[in-house]
Amino acid sequence: MNDRQLKELILAAKGKLPFDIYFYNARIVDVYRERIIDSGSVGIKNGIIAAVCPDFEPGATEFIDCRGMYLAPSFIDAHMHIESSKLTPFAYCEGAVPHGTGCVFFDPMQMSNTLGLKGIKAICEMLGEMPIESFLQLSSQYLSTLKTQDDITNVIKECRAKTVGEISGAVVGNEEIIKLLGAAKRAGVKVNGHCPSMGFRDVQQAACAGLCDDHECESISDLEQRLACGMAVLVREGTIEPNCRTLCEGIVKNHIPTDDIIFCTDDKSAEDIKENGCIDNALRIAVKCGISPVSAIKMATLNVARHYGVDDIIGSVAPSRKANFLLMDSLENMTVKKVYHQGRLVAENGEFLCRHEFDITCYPELKNTVILPRGLDSHSFEIKAGFERGYVTANAIEMPEGGIVTRLVKGRLEVSNGIVCGDTKADILPIFVVERFGRSGEIGSGFIKGLGIKRGAVAASFAQESNNVVVSGVDPEDMLCAVKAVEANGGGAAIAIDGKVAGLYSLPVAGILSGENITGEIKAQKAFREALALTGGNIQRMTVVLTVSLCQTIPEVGLTEKGLFDVNQQRYIPTFTGGEEFEK
């Protein structure tokens, strides 16, 4: 806002200059006093709220009758990864904005791990063109690759990051993390936490390190421990990890104050966004659990803005705040009818009014990012035992039904001709992570239990956190075929059966995003899920493994291009724990 606009805003607030737009006959949600103002009105000047319920006869260029609908601040998503939707920011806004999302605190973890600073800037540039407020949570994983504390501090400032994105509470004592925490402090930004499955001692350690919040609470005990340590709790309602109902029921039952409790989606699929919404869905659940509608809206607006120190510009319907608000006909259903961004109508009755087609030629740095190691062949997808015939006891990643947390289990597998065989009856198969950026060319290997694959193989290039290519299957030839198809497609996923591609899912934008609009992307995702059934496997578990569960930050065990990683012990572990060689 320049000096002229500021002066006009002040004059409009005093009634000495007409408003640009005057909204009247509204039921305003006052998040400061947690009340409804009946027959309320709001005057807008230069995209900013100049007056709420002015005590003078207003003049305005345009008058809008709200017809008794509820006028509330636009919802704020306190932590999310756009890449989880497989949508570009353009397509993401097409889905999220009509559901009332007016601001996102976004961590482009996958994009930054894939392309570094140029990937981060591309995401920021796209969001900057859309009718949504956006604040960068700069990926701690990317920052940890920088050499010095000065380098980290300079990048934080260059990107104008609001926070450093989720640092694992389990590793805050490491020297590299201490360096990162110091850089965040020097840059004057907060640090988001990532503290899954932690006891109270570890939570206190995370709080001492300066982690300001956590979005990994799965029980009311988790929530109360974080609050007791002075951390804010981000109640997550994601596609894979929907925690809202459990936590909100506990909040109501235990009469827990909600001042330091806010909402986030973390990871949302395109289909989930389109069908169920984003923060509005979390609010519906909260209200059904017994939290009052106005309190729930405050948790999704003012609480978030205060937590991140931006409540002077967003988070409420009040003078000097941006005119980012929405109209709803019911606070119980949270059905968003209209969405305004800086006073301009941007969505109505579920329709986004500011569509922007993605053109990859405008972002050449996002193309052709899948570069597999040279000399890759079917033998690359064999795990050798070190002897010809017998059995080995292998460490294996087990995928329980539902959720993303893995378990470390043992499996007894046959060795034939020096190769450790998968066992479809025991549902234990080889799994590989292939470095895909033309750097080290490393291939990490292990075994996984629970995918249920009976034939063929499946590969994908979008697994958090590294976005390397993950592949698992029954036959090495099929694994090679699937991996090669992913490379040829510029990224995405592929299914191979009997040496032929049986299913293909295209993500040509950095190998992790689609160039489609949200409707086209949903159609593509559904088609690929149907193709996954050809393997005879568990579609839900395969989807989770290809997407998130091999992370180094999600207990108990992950897999990287360097091998099996024990998340609890924070160390790499061997593939085998024992063996029995038959006599030749």
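This short talk walks through one predicted protein model, from its overall build to a few of its strands, salt bridges and single residues.

Residues are numbered from 1 along each chain as its sequence is written, and side-chain values use heavy atoms, with hydrogens and water left out.

Let me start with the whole chain. Its secondary structure comes to 16 helices and 30 strands, where helices (H or I, at least four residues) and strands (E, at least two) are DSSP runs numbered from the N terminus. The radius of gyration is 25 Å, close to the 25 Å that the globule rule gives for 584 residues, so the chain is as compact as a globular protein of that length; the radius is taken over C-alpha atoms, and the rule is 2.2 Å times the number of residues to the power 0.38. Along its principal axes, the C-alpha trace spans about 100 × 50 × 45 Å.

Of the 584 residues, 60% count as buried, and here buried means under 20% relative accessible area, exposed means over 50%, and partly exposed lies in between, with a 1.4 Å probe and protein chains only. The chain exposes about 22800 Å², of which carbon and sulfur atoms supply 47%; such areas come from the Shrake-Rupley method with a 1.4 Å probe, and for residues only the protein chains shown count as cover. If we look at contacts (heavy atoms within 4.5 Å) with a separation of 6 or more, residues 24 or more positions apart account for 69% of them.

Now to the strands. Strand 6, residues 75–80, has six of its six residues buried, so it is largely enclosed by the rest of the structure. Strand 6 pairs with strand 7, residues 101–106, in the parallel sense over four bridges, and two strands are said to pair if DSSP finds at least two bridges between them. Within that pairing, Phe75 has Thr101 as its bridge partner in strand 7. Between the two strands the chain passes through helix 2, residues 89–96, and this β-α-β crossover is right-handed, which means that, with the strands pointing away from the viewer, the path from the first strand over the helix to the second runs clockwise.

Further along there is an open sheet of three strands in the order 27-28-29, with antiparallel pairing. Its edge strands are strand 27 and strand 29 (571–572), each of which pairs on one side only. Strand 27 and strand 28 are joined by four bridges, and Thr560 has Gly563 as its bridge partner in strand 28.

I turn next to charged side chains. Side chains of opposite charge can pair when their charged atoms come close. A search of the whole structure finds 26 salt bridges, a salt bridge being a side-chain nitrogen of Lys or Arg within 4 Å of a carboxyl oxygen of Asp or Glu.

Which parts of the chain does the pair Arg529 and Glu271 link? The closest N and O atoms of this salt bridge are 2.6 Å apart, and the pair links distant parts of the chain, with Arg529 in helix 15 (residues 518–532) and Glu271 in helix 10 (residues 270–276), 258 residues apart. Arg529 is partly exposed at 30% relative accessibility, whereas Glu271 is buried at 15%.

Lys562 lies in the loop between strand 27 and strand 28, and Glu442 in the loop between strand 21 and strand 22, 120 residues apart. Glu442 is partly exposed, at 28%.

Asp30 and Arg33 also meet in a salt bridge, at 3.1 Å from N to O; Asp30 is buried at 9% relative accessibility, while Arg33 is exposed at 57%. Finally, Glu216, Arg236, Glu241 and Asp266 are linked in a network of salt bridges.

Met334, in the loop between strand 14 and strand 15, has a phi near 50°, a positive value in a residue other than glycine, and is buried at 0% relative accessibility. Asp427, in the loop between strand 20 and strand 21, likewise has a positive phi, of about 60°, and is buried at 19%. Ser378, in the loop between strand 17 and strand 18, is buried at 12% and touches Pro476, Glu477 and Leu480, not counting residues up to four places away in sequence.

How values were computed: Predicted model: local features only at pLDDT ≥ 70, side-chain atom pairs only at ≥ 80, totals over all residues.
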